[in-house]
There are 2 protein chains.
Amino acid sequence: MGIMSEIALPPGFRFAGVVTGLRSEPGRRDVGVIASDRPCTAAGVFTQNRVCAAPVRISKARLPRNDARAIVVCSGNANACTGEQGLRDAERMTAIVAQGLNVNAEQVLVASTGVIGRPLPMAVLEAGIPKAIAALSPDGLDDFAHSILTTDTRTKTTRVAVEIGNATITVLGIAKGAAMIGPNMATMLGFVLTDAAVPADALQLMLRTAVNKTFNRIAVEGHTSTNDCVLALANGLHPVDAFDFEMIAAGIEGVCRNMAEMIISDAEGAHHVIRIRVTGCRNDAEAETIARSVAGSALVKTAVFGHDPNWGRIVSAAGYSGVMFDEKDLSLTMGEMLLYQDGTPLPFDAAAASRYMKDNREVVFELQFTLGDGSCEFLTSDLTVEYVNLNADYTT
Amino acid sequence: MGIMSEIALPPGFRFAGVVTGLRSEPGRRDVGVIASDRPCTAAGVFTQNRVCAAPVRISKARLPRNDARAIVVCSGNANACTGEQGLRDAERMTAIVAQGLNVNAEQVLVASTGVIGRPLPMAVLEAGIPKAIAALSPDGLDDFAHSILTTDTRTKTTRVAVEIGNATITVLGIAKGAAMIGPNMATMLGFVLTDAAVPADALQLMLRTAVNKTFNRIAVEGHTSTNDCVLALANGLHPVDAFDFEMIAAGIEGVCRNMAEMIISDAEGAHHVIRIRVTGCRNDAEAETIARSVAGSALVKTAVFGHDPNWGRIVSAAGYSGVMFDEKDLSLTMGEMLLYQDGTPLPFDAAAASRYMKDNREVVFELQFTLGDGSCEFLTSDLTVEYVNLNADYTT
């Protein structure tokens, strides 16, 4: 019984990603479909934004369920802030897929990502979605993974195998996300597929728990999007005893963690991954609050971009997090260097500290408190000139 | 009875700003002193950061009081995260001033701004502060205003006259601040001087109220500093009836508002001031929460920098603010252009919208809700390539 790192795809799923012309870049795949040969239990975790996109509303209303058969995704247009028309369009996307697969529209889930506030060009999708249905294949994963990207520079897929007795169960994850990554569901799409037999309610709990520990502990710029969504399908090929649910849950969490790390690693314009470890807090929730505050600081993120060991910004971001502590409760290390101990700054080699940031793509800050056992690890990226330029002219 | 916009300095105060060598730039003024000829009532509002600088702790412990005589400020070094030594150094700064003015150290307030986590070079200050005392003059305001700046590109002073009966009372404000401007006291220093006779407790209430409505409604990048501090001195030359406190309070609020607008206008690397008006909320607090969320969005701020009318980012930032609303409750205008009405996007001229941002240094977004009478106006700046470069190598 254990988790391995490389494995075949879960059987019973087919994938497609096609070029429909929804995006202006020629040859860019923009519509993807995942289809299951069998009815799946299905679960989902969605954005906490009050303004949520039409596909989020449609998918949310259809979950959890026991008979899901497909997921359809379009990229380039978020179908968010599109009013009643947006809801009709998202429903129509699922109906086109249902017709092609000879199932009910209710059995199809939908997700979108891209620019907010523009009506979907339905003529393009009426022609394009059937093209995706026709292209469905067990070998289509890479096409699908490409079709959901926006500003991502690479596809994000990950597989974990869970061995239970003599059986090997697979969990596959496919994600997109590079910006609008914020707290309370990172701005991203994620799809988790497994061949385990897990009831929908248990799958929902596993997915929610995994998301809280993974996607909800990354941030690029703290902007929670309108379209966040992680969907899970379990096609039940492998029966699982309830005593083994813990293993499946660990597999789902592992896949979500890998996807979350891939998203931060591909964050828009990023030169660095910043790993923030907070230990010794009264509880995990306070540790997470502090970590999120440090991760959200534009001043911490620009300092890392500039290889500037300006550690006072980290301490001050902890200080305004809202968590009560005294300065003497806090020590800070960057990599192996202790910079601040029990509320007092230590002399340190600024050139060596700067070199540490220059030489390492991943920079680790550890804030050690003396208040208890609570801890949290949080990932963010540096704030770079490229990030600003990328986001200065996204729609125009 | 009314408020005028230009007036003489309040009598009874002297100012100095001198070059001590605390900062590395040659000829840069880095120590400032304000001295009052008479004992003043004094009030202060300070950072809500748990990690607060030594001068904040010292000044806070001495307020409110009825016999304040001076304020001493150093720039270039924040004296924050400096442990017990930092507290001793901040106290010593006030003792040097007290000796020069022949008053008690307790009657002197202190503020600092600059790099966090470095011990103050006390030998420099032991020699430099007496130089400032010697330079004190009723004409020294400009020198003082220069001495408190860090990355500011210009000094920030403002005067309001309040006429009560035949008397004219003056309120003078002097501020610094260009970044690390966040909620819960912007990262800044502000000094408010008046010749009115206002008891310390009333002065404290006036200052707190004014700060909540002004400095606490601006943000550059949302990083609440360790050193925020607004100090007020009232030297009592003009007796004021309690019935006229409302006028004095309005004068103080006017001065604070002018200082807050000057800070945003000089925000690090900013090309634009972004004025966010939120109306029609259930109450002012919810309107402020929404405004702060929009003002804190790196994606909104980069879009303005790029003249990209990507209004979906504004709506989505409102959506994740935590305030409950439905999309149909919200309409959005940029300048005079209605972009989104009752939850539905309107067709608009993207080129004209982009031109509006290009042609105007101040860009106005108004989010109109249909939930009540609550409103808030909030100011922020755009996020530019220059901001990132400025903050990438601040200490090194």
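## Ground rules

Because the model is predicted, local features need pLDDT of at least 70 and side-chain atom pairs count only at pLDDT 80 or more, while totals for chains, interfaces and linings use all residues. Residues are numbered from 1 along each chain as its sequence is written, chains are lettered from A and ligands numbered from 1 in the order in which they are written, and side-chain values use heavy atoms, with hydrogens and water left out.

## Where the chains meet

Let's start at the interface. Chain A brings 57 residues to the contact and chain B brings 57 residues, where contact means heavy atoms within 4.5 Å. Between them the two chains bury about 4,400 Å², with 60% of it on carbon and sulfur atoms; buried area is the accessible area (1.4 Å probe) lost on putting two parts together, summed over both.

Salt bridges across this interface number 4, each a side-chain nitrogen of Lys or Arg within 4 Å of a carboxyl oxygen of Asp or Glu. One pairing is that of B:Arg57 with A:Glu327, whose closest N and O atoms are 2.6 Å apart.

Now to the sulfurs. The whole structure has 0 disulfides over all chains, a disulfide being a pair of cysteine sulfur atoms within 2.5 Å. For B:Cys229, the closest cysteine sulfur is in B:Cys52, 11 Å away, so a bond is out of reach. B:Cys376 is in no disulfide either, as the nearest cysteine sulfur, that of B:Cys281, is 9.0 Å away.

B:Cys229 is buried at 2% relative accessible area, and B:Cys376 is buried at 5%; buried means under 20% relative accessible area (1.4 Å probe, protein chains only).

Terms used. Buried means under 20% relative accessible area, exposed over 50%, partly exposed in between (1.4 Å probe, protein chains only).
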